[in-house]
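Please open the model in the viewer and colour it by chain.

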Protein chains: 2
Amino acid sequence: VYWVTEGERFSELVGQGFEYSYQVEETIYQGKSKYQKIEILRNPYFGRMLILDGAVQVTERDEFIYHEMLTHIPLFLHPVPKKVLIIGGGDGGTLRRVLEHPVEEAVMVELDEEVVKLSQKHLSSISDSAFDDKRTRLVFGDGAKFVAETKEKFDVILVDSTDPVGAAEILFSEEFYGNCSQILSKNGLLVTQSGSPLCQAKELNKAFGNLRKVFPICRVYFCTVFTYPGTLWSFALGSKELVPEEADLSAIEKRFEKLGLKTKYYTPQIQKSCFILPKLVQEIVS
Amino acid sequence: VYWVTEGERFSELVGQGFEYSYQVEETIYQGKSKYQKIEILRNPYFGRMLILDGAVQVTERDEFIYHEMLTHIPLFLHPVPKKVLIIGGGDGGTLRRVLEHPVEEAVMVELDEEVVKLSQKHLSSISDSAFDDKRTRLVFGDGAKFVAETKEKFDVILVDSTDPVGAAEILFSEEFYGNCSQILSKNGLLVTQSGSPLCQAKELNKAFGNLRKVFPICRVYFCTVFTYPGTLWSFALGSKELVPEEADLSAIEKRFEKLGLKTKYYTPQIQKSCFILPKLVQEIVS
């Protein structure tokens, strides 16, 4: 579908013979970085949309679902997350949610500098002021290489990557998870977006298998993202000590209140219920 | 979009400038009943699809999600559901799940005889043998009129209707819920599909307000249906005595095991977690 111009429709294949079809009200940006094709389009329903290599990454209307769930579940499960590492996440939506917590430092390692620049310019409602926060340290480079080489330690690692196929595949490998484990603190944990359990069942199964080889406590949780194929979206969590089912909801509720978080999807009650999976998802990861 | 013929695409509007677009591999049936336009199409991903007045009602691939969640949540919440009333549900998918429980009688009141006939003929994998079960009593007529006039009593009422706009609007009215309450047994309960919290927030809010005027215990629960606009799908539950949060999960697990149910979405653990709503849904119904 290259390129999409104003007045046209942009379609993303969800399953064989099934597409999401978006009216393109405005073509805000089209270009090619060193790594991928980048488009920013505007749709009447979703607002501005970031599209990488033909796949919708984020839209102004529904970005909060994915970003809140990727971030708040691990950051509230951890009692005092101070240092957080984000792999990917160029649009800044994950970074912004991390900074809503009283972290000391958020390190974001993004491969594609262009995505960050364009997001800052055209999708600023998603990152808000996150890129200007003095706790933010932005690194442009290979996330897998960063975790293999850094001597720093982190409490939480968030993998906010594209899907477990192609370039991002390494971010779902045993080796990568092993390196992450090395740089996590004693009670640290990792969460990765792990695709659609329905459209990418095989990839989820494989990624979760790799996670299990490294972390003693592994879980999958889910949410619903309208613009992602399959809509039932999964996250995989690998943890050294902290157990999702043992989360102290009343303590989390107090932290949530104290932070004054204005969430639109996440609530402290969802902290546990999102781990209770539909049968078909259970079967993929068991 | 009338009519859709083979080789064409069938599109359903989800939001302004956002459509689901289906390749039509085969046009199995097209016609007009007294009440609506009926189409049965085949798509490579979803299999056979039932479309009423241009809105996808059910597909072979994902019908189980909606039907399991509409049926099993109330039927497991009730300790001994013996008589169940279904309003609508012409495809038979709800009826089939009701009959998986040891009910004595399932009465199904469907307005459009054509939908039942065509579903029996072309979508038999959805109803399976439900229409032939000797516990099934099929009534063709107006569901609202039936509940206003019948002298029978029911333990559970399931409203499996089209969306709360147009012809089905009466099934979301205070008067209808009042009549349902009259024919429910002492600890009876009603569940109605209540649309997409995202695309039909106003309708859900109104329907839930009406339910509240009648039933002392009212809740909303949710699931994810790929072919329904907005995908996050809601059900409203009105109950005379039984409280969803007080459900005895270990007792339900035993019943579930004993029945040997082969579900694909529902699990006894979901019985409670499906009531823990994303913040944006909470706000619509509070």
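**Where the two chains meet**

Select Arg9(A) and Glu19(B): their side chains form a salt bridge, with 3.9 Å from N to O. The term denotes a side-chain nitrogen of Lys or Arg within 4 Å of a carboxyl oxygen of Asp or Glu. Two salt bridges are found across the interface of chain A and chain B.

The model is predicted: local features need pLDDT of at least 70, side-chain atom pairs count only at pLDDT 80 or more, and totals for chains, interfaces and linings use all residues. Residues are numbered from 1 along each chain as its sequence is written, chains are lettered from A in the order in which they are written, and side-chain values use heavy atoms, with hydrogens and water left out.

Next, select the whole interface. Here 37 residues of chain A are in contact (heavy atoms within 4.5 Å) with 37 residues of chain B. Together the chains bury about 3,100 Å², 62% of it on carbon and sulfur atoms; buried area is the accessible area (1.4 Å probe) that two parts lose on being put together, summed over both.
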